[in-house]
Amino acid sequence: MKSMCILQQVVAMERRLPSERILWDEIRDEVTAYFEQSQVSPWSIEDDVYGAQGLALNFFFPLRGDRRGLSRLLGLLCGRHLTVDAFELTCRGRTATHSPVVDVVVRMGDSHAEQSVLLVKCMPPLRDGAARATGGDDRPAAPPAAPSADEPVCDVRVPELARGQRLAEHLERRGTAERVALAVVYDNRDVSLADLCTFWRGTRAVDDRFHAWTYQQLLAMAGSMMADVPGWRAFLSHRYGITAIGAVRPHAAASTGVSDQCRSA
């Protein structure tokens, strides 16, 4: 075997992100048990996961048990009184051909007895300069260029939104629920994605079937609506540089000189 081929393999292996380095320590055992019991999304702690999927697990898994708080949070975000009946996460290993269309599936009911489903797609975070807790391997891809004002559909992430929206529409046509909507959650420092979500909403009739929220917005709202999860916010700040809107980051993290508040939700 040529030495260059061996070098390529070594580099590829060093860049792999084993789950024990991706998942927050406090939820690792629960996540393992959760997916071991899953009949539709098998996964184990030994598998690798995509960067955005790792964030989805670290962000939403600690919240999934607080149904009452989630009902208040999603109800306010969706502009309706909602009761969360189920809040399930999906995950596929790095060996999978495609990343999952959505990362969270929420089943809800409202005051009019209408059943609805919310599909949540988590987008990758933007992070400050060098990686921190992962020893330098967990570096994000360079943020894509902002869509042109004259040609916003050039953004390569449009197919991801289209896949999620088609899935939501298909489920609603099949009668899976009376209302099926897609929500995209993204880092508010990703200005190009904020612009893309605005463009995407503008291409659709006002049917309340597409939402765009930020991790920072959800963190801020969860503070007053959901039970506190000790250590969770500090982990998100340290690993991803994500803090609630209006929160002051620790001095060590802030010393990088990159602001989290590039754009509010």
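How many bridges join strand 4 to strand 5? In this predicted model, five bridges join the two strands, which run parallel. They belong to an open sheet of five strands, arranged in the order 1-2-3-4-5 with mixed pairing. Strand 1 (82-89) and strand 5 stand at the edges of this sheet with a single partner strand each, so one side of each is left without a neighbour there. From one strand to the next, the twist averages 25 degrees.

The pairing may be followed through the sheet. Strands of a sheet pair through backbone hydrogen bonds, in either the parallel or the antiparallel sense. Strand 2 (residues 104-110) and strand 3 are antiparallel and share six bridges; Gly-109 has Gln-115 of strand 3 as its bridge partner. Strand 3 and strand 4, by contrast, run parallel and are joined by seven bridges, and Leu-119 stands opposite Leu-182 of strand 4.

Eight of its eight residues are buried, so strand 4 is largely enclosed by the rest of the structure. In a regular strand the side chains alternate between the two faces of the sheet. Both faces of strand 4 are covered, with Arg-179, Ala-181, Ala-183 and Val-185 buried on one side and Val-180, Leu-182, Val-184 and Tyr-186 buried on the other.

Several helices accompany these strands. Helix 7 lies across strand 4 and strand 5, at about 165 degrees to strand 5. Helix 8 lies across strand 3, strand 4 and strand 5, and runs at about 75 degrees to strand 5. The buried residues of helix 6 pack against strand 3 (115-122), strand 4 (179-186), helix 7 (191-202) and strand 5 (210-214); these buried residues are Val-158, Leu-161, Ala-162, Gly-164, Gln-165, Ala-168 and Leu-171. At 1.5 Å a residue, the 16 residues of helix 6 (residues 158-173) should span 22 Å, which agrees with the 22 Å between its end C-alpha atoms. Helix 6 is followed by Gly-175, which has a positive phi near 85 degrees.

Helix 8 also has a helical partner. Helix 8 (residues 215-225) and helix 9 (residues 232-240) pack at an angle of about 170 degrees, and their axes are 12 Å apart. The two helices are therefore roughly antiparallel to each other. Leu-219, Ala-222 and Gly-223 of helix 8 make the contact with Trp-232, Arg-233 and Leu-236 of helix 9. By class, this contact has four nonpolar residues, one polar and one charged.

How values were computed: Residues numbered from 1 in each chain as written. Predicted model: local features only at pLDDT ≥ 70, side-chain atom pairs only at ≥ 80, totals over all residues. Heavy atoms only, no water. Helix = DSSP H or I, 4+ residues; strand = E, 2+ residues; numbered from the N terminus. Expected span 1.5 Å × (residues − 1). Buried < 20%, exposed > 50% of the residue type's maximum accessible area, 1.4 Å probe, protein only. Contact = heavy atoms within 4.5 Å. Axes fitted to C-alpha atoms, helices over the stretch in contact; angles between N-to-C directions. Parallel < 35°, antiparallel > 145°, perpendicular 65-115°, else oblique. Nonpolar A, V, L, I, M, F, W, Y, C, P; charged D, E, K, R; others polar. Pairing = 2+ DSSP bridges.
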